[in-house]
Amino acid sequence: MTELPQELARASAMLDVRRFDEASALLAQLVSAEPDSGRAWCLMARAHLGRERYTDAISAANRAVSLDPADEWPHRLASNALVHLGNYPDALRAAYEACRLAPGYWQTHVCVAQAALAGHRLDVATEAASRARALAPNEPDVHFLAGKVSLARGRLAEAREHQEQALALDPAHSGAMNELGRIRLRRHDTAGAIRHFISAARATPEERIYSRNIDVVLLRTVSRTIYVFTLIALILIWIPAVTHVDRLPFVIALGMAAAVTAACFAWIVLRLPREARRLVRRTLRAPRVTAALALAVGGVAVAFGLVAFTPAPDLAQVLPVAVVITVAARLAAFAALRGAARKHLPEARPRRASGRPAPSARTARPRCSPARTPPPPRTPPMPRTRRRAARPPRIRSRRRRRRGRA
C-alpha cells in the first residue's frame, strides 16, 4: 500500500481525538493489507487501549514486537495493558525491556515508574521517576508521575511541589489539577480539593474520573456529617441516666446538636465554589442520600423519644435499646451512602477491569471517616498532557522520524 504512511498518520490523528472506533476500523484494514507494519500494530494496540480491550492490546503489541524486536514502543504498550489487567509483574518486566532498548528516552522510565507504582514497588518507582526527571526536566508528565509517587509514599509537600511544577509547564494539565485535589483532601481541606477537581473536570470534560471525584468527596462530607451527628446523639442519650435531668433540657440538647451539625455542614458548603454548591444540592436530592439522612435523623429521633418518655425507674432497661437503634440507624445510613457511591463509580472491579490500577498503586488513597462509606477519589488512568488520548508519550528521536512516526 503506497499510501500507508498517510493512512497511519490519519489513524494516529483519530486516536489523538479519542475516535477509537473509527481508528480501529481503519487500522483493521491497514493491518490486513500490510500485516508486516509494526507501526500499524502499535497503533492498533493504542486503539484497543482506548476502547479498554486490554487483552487485544497485548496481542497487537506482541505482534509488533515480533516484527521489530528492537523497538521499545510495543513493550510500553504491552506494559500499559498489563497494568490495567492487574498483571503487575509482567507489566514491570515489559517496562524494563522497553527501558533496556531505549534507556535514553524518558518515556521508558515513566513506563517503569507506572508499572512499579501499580505493583507497590515504591522504591523502583521513585528511582525510575528520578531518572525520567533527569532526562526530561521540562516535561510536565514527568513531574506529574513523580508527584504521584511522592503521594504514594506519604510525602505531601514533595508531591505538591511536583504537581505545581507540572502545572507551571502545562497550565492545562488536568491530571496535575486532580492530584492537587487529592493532596488537599489528604490535608482535610475538602473545599480546596473540590476546587481542584472542578478545574480538572473543566480542563478535560471527557474524562469522567474527575467529576466522579467531586461526587465522592461530597458523599464523604455527608457521611462525616451523619457520623458526627449520631456520635453526639449517642453521648446525649446517656445524659438522663447520669444526671437525671428533666425532659425539656434533654430536648433542648437534641435540638442544639442537630442545629450545630447543620451549621457545620452549611459552613463547609458555603466555602465551596458556586458550581460545587449546585452539585451539593443535586447530591442531597439523590434518593439514596435523602434516604440516608432520613434514616439517621429518624433513628436518632426514635432513640431520643424512648429515653425522653420512659419513666426514670425503667430507664436502665430502655437505654441499651436506644443505643442499638442509634447505631443501627447510622449503619443503615452508611449502607445507603455506599449504594450512592457505587452509582457514581464503575462496577465492582474498579481498578483492574475498568482501566485503573489497583489501590495504592496509582495513589496513596485518602481514607474516609470512621464510617468508610464512599471510596476515595481516583487518579486518571495515566499521565495526560492537555487532551491527549490514552496512548504512550510520543518519542522524539531521529530514529523515529526516519521511520515516519508522528
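Which residue forms a salt bridge with Glu-97, and how far apart are the closest N and O atoms? The partner is Arg-100, and the closest N and O atoms are 2.5 Å apart.

## Before we go on

What you're looking at is a predicted model, where local features need pLDDT of at least 70, side-chain atom pairs count only at pLDDT 80 or more, and totals for chains, interfaces and linings use all residues. Residues are numbered from 1 along each chain as its sequence is written, and side-chain values use heavy atoms, with hydrogens and water left out.

## Salt bridges

Back to that opening pair. A salt bridge here is a side-chain nitrogen of Lys or Arg within 4 Å of a carboxyl oxygen of Asp or Glu. By this rule there are 13 salt bridges. The general idea is simple: side chains of opposite charge can pair when their charged atoms come close.

Glu-97 and Arg-100 sit three residues apart in helix H6 (residues 88-101), so about one helical turn separates them. Helices are DSSP runs (H or I, at least four residues), numbered from the N terminus. Glu-97 is partly exposed at 25% relative accessibility, while Arg-100 is exposed at 55%.

Now for a couple more. Glu-22 pairs with Arg-19, with the closest N and O atoms 2.4 Å apart. Glu-22 is partly exposed, at 41%, and Arg-19 is partly exposed too, at 38%. Then there's helix H11 (residues 174-186), which holds both Arg-182 and Glu-179, three residues apart, or about one turn of the helix. Their side chains meet in a salt bridge at 2.8 Å, N to O. Arg-182 counts as buried because its relative accessibility is 1%, and Glu-179 is buried at 0%.

## A positive patch

Some arginines group together instead. Arg-274, Arg-278, Arg-281 and Arg-285 gather in a patch of positive charge on the surface. Patches are built from residues with over 30% relative accessible area and no salt bridge; like charges are joined within 9 Å, and nonpolar side chains (Val, Leu, Ile, Met, Phe, Trp, Tyr) within 5 Å. Lys and Arg count as positive, Asp and Glu as negative, with His and the chain ends not counted. For Arg, the charge is placed at CZ. The areas come from the Shrake-Rupley method with a 1.4 Å probe.

Take one of the four: Arg-278 lies in helix H16 (residues 274-285). With a relative accessible area of 44%, Arg-278 is partly exposed.

Cys-42 is buried, at 0% relative accessibility. Cys-111 is in no disulfide, and its nearest cysteine sulfur, that of Cys-99, is 8.9 Å away. At 6% relative accessibility, Cys-111 is buried.

## Positive phi in the loops

Most residues other than glycine have a negative phi. Glu-52 has a positive one, near 65°. Look for Glu-52 in the loop between helix H3 (38-50) and helix H4 (54-67), where Glu-52 is partly exposed at 39%.

His-188 also isn't a glycine, yet has a positive phi of about 65°. You'll find His-188 in the loop between H11 and helix H12 (190-203). At 63% relative accessibility, His-188 is exposed.

Notes: Helix = DSSP H or I, 4+ residues; strand = E, 2+ residues; numbered from the N terminus. Buried < 20%, exposed > 50% of the residue type's maximum accessible area, 1.4 Å probe, protein only. Disulfide = S-S within 2.5 Å.
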